Amino acid sequence: MMIKVCGMRDVENIRSVAELGVDMIGFVFWKDSPRYVSMMSSGAGIMPDYAGDNGRCVNGSVKKVGVFVDGMPQDIVTRVYNYGLDYVQLHGSESAVMIENLRRTLEPDIRQGVKIIKAINVETAEDVDKWREYDGVADMLLFDTKCTCAGGSGRMFDWNLLKNYDGSLPFILSGGIGPDDVQRVKDFDHPMLAGIDLNSRFETAPAVKDVEALKAFIRALRG
């Protein structure tokens, strides 16, 4: 099972989390988020200072995910290039046509092999069915809790709703997974489950993750 830790910004915190054996680290490029990663260099040792260095504070074995919410295509392309993103996670109301056009822009000249994750915000069974709009367009789905904050709410949706998902796209399970949810994750069974997304419930402050809590969770999940 892949483990994605999302909403990171501080370079030393990123390095510490990457050493835990996580598979993906997510950077939020949505301005309304308290975890927003600005393109401006601050000189304060946070992630934006590394934009020109393609985010090399993350080693090559950990995939970099850029999270966007109805972002302008040119802004997405710029950040894919500057940060060397491996995945683009679209967390808004992006259409299938927009995604197809974005992929054509990115490949092969900007980032060969870049993958698209489409987030689906879930509250009802009808929300889960929205995956059909992205079949054959996205590479992966991410099911998250529907909220006004576009992720990072710390709230969990009813995972039983995913019994309605019968697609062929692998998905990441997100939304309010915390340190006490190891057994719940282990007990969740779906043939297309590819991994889990960890964010706000492992934070000591916005964009700062509790490394020891993550270490204990990962050890218990994979042990």
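## An enclosed strand

In strand E8 (residues 193–198), six of the six residues are buried, so this strand is largely enclosed by the rest of the structure. Buried here means under 20% relative accessible area, while exposed means over 50% and partly exposed lies in between (1.4 Å probe, protein chains only). Strands (E, at least two residues) and helices (H or I, at least four) are DSSP runs, numbered from the N terminus.

The structure is a predicted model, in which local features need pLDDT of at least 70 and side-chain atom pairs count only at pLDDT 80 or more, whereas totals for chains, interfaces and linings use all residues. Residues are numbered from 1 along each chain as its sequence is written, and side-chain values use heavy atoms, with hydrogens and water left out.

## The protein as a whole

The protein has six helices and ten strands. Of its 223 residues, 51% count as buried. The accessible surface of the protein comes to about 9900 Å², and 47% of that surface belongs to carbon and sulfur atoms; such areas come from the Shrake-Rupley method with a 1.4 Å probe, and for residues only the protein chains shown count as cover. Among contacts (heavy atoms within 4.5 Å) with a separation of 6 or more, 62% involve residues 24 or more positions apart.

Confidence is given as pLDDT, the predictor's score for each residue from 0 to 100. The protein averages a pLDDT of 90, and 88% of the residues score at least 70. Over residues 48–54, pLDDT stays under 50, and the model has 21 contacts beyond four places in sequence for this stretch.

## Partners of strand E8

Two strands are said to pair if DSSP finds at least two bridges between them. Strand E1 (residues 2–5) pairs with E8 in the parallel sense over four bridges, and methionine 2 stands opposite glycine 195 in E8. Strand E7 (residues 171–173) also pairs with E8 in the parallel sense, over three bridges, with leucine 173 opposite isoleucine 196. From E7 the chain crosses through helix H5 (residues 182–187) to E8, and this β-α-β crossover is right-handed: with the strands pointing away from the viewer, the path from the first strand over the helix to the second runs clockwise.

Aspartate 197 is placed in E8 and counts as buried, at 5% relative accessibility. A polar contact is a pair of N or O atoms within 3.5 Å; within protein, one must be able to donate a hydrogen and the other to accept it, and residues adjacent in sequence count only if both atoms are side-chain atoms. The side chain of aspartate 197 makes such a contact with the side chain of lysine 4 (2.6 Å) and another with the side chain of serine 174 (3.0 Å). Leaving aside residues up to four places away in sequence, aspartate 197 touches Lys4, Cys6, Leu142, Ile172, Leu173, Ser174 and Ile177.

Aspartate 127 is found in helix H4 (residues 125–128). Its relative accessibility is 5%, so aspartate 127 counts as buried. The side chains of aspartate 127 and lysine 146 are joined by a polar contact of 3.0 Å. Beyond four places in sequence, aspartate 127 touches Ile120, Asn121, Val122 and Lys146.

## Helix H2 and its surroundings

The buried residues of H2 are Ile76, Val77, Arg79, Val80, Asn82 and Tyr83. Their cover includes E3, strand E4 (87–90) and H3. H2 is followed by glycine 84, which has a positive phi near 60 degrees.

## Backbone features in the loops

Most residues other than glycine have a negative phi, and most peptide bonds are trans. Aspartate 70 has a positive phi of about 50 degrees although it is not a glycine. This residue lies in the loop between strand E3 (63–68) and helix H2 (73–83) and is partly exposed, with a relative accessible area of 44%. Alanine 207, likewise not a glycine, has a positive phi of about 75 degrees. Alanine 207 is placed in the loop between strand E9 (203–205) and strand E10 (208–209), and it counts as buried at 1% relative accessibility.

The peptide bond from glutamate 107 to proline 108 is cis, with omega near 0 degrees. Proline 108 is in the loop between helix H3 (96–106) and strand E5 (115–122).
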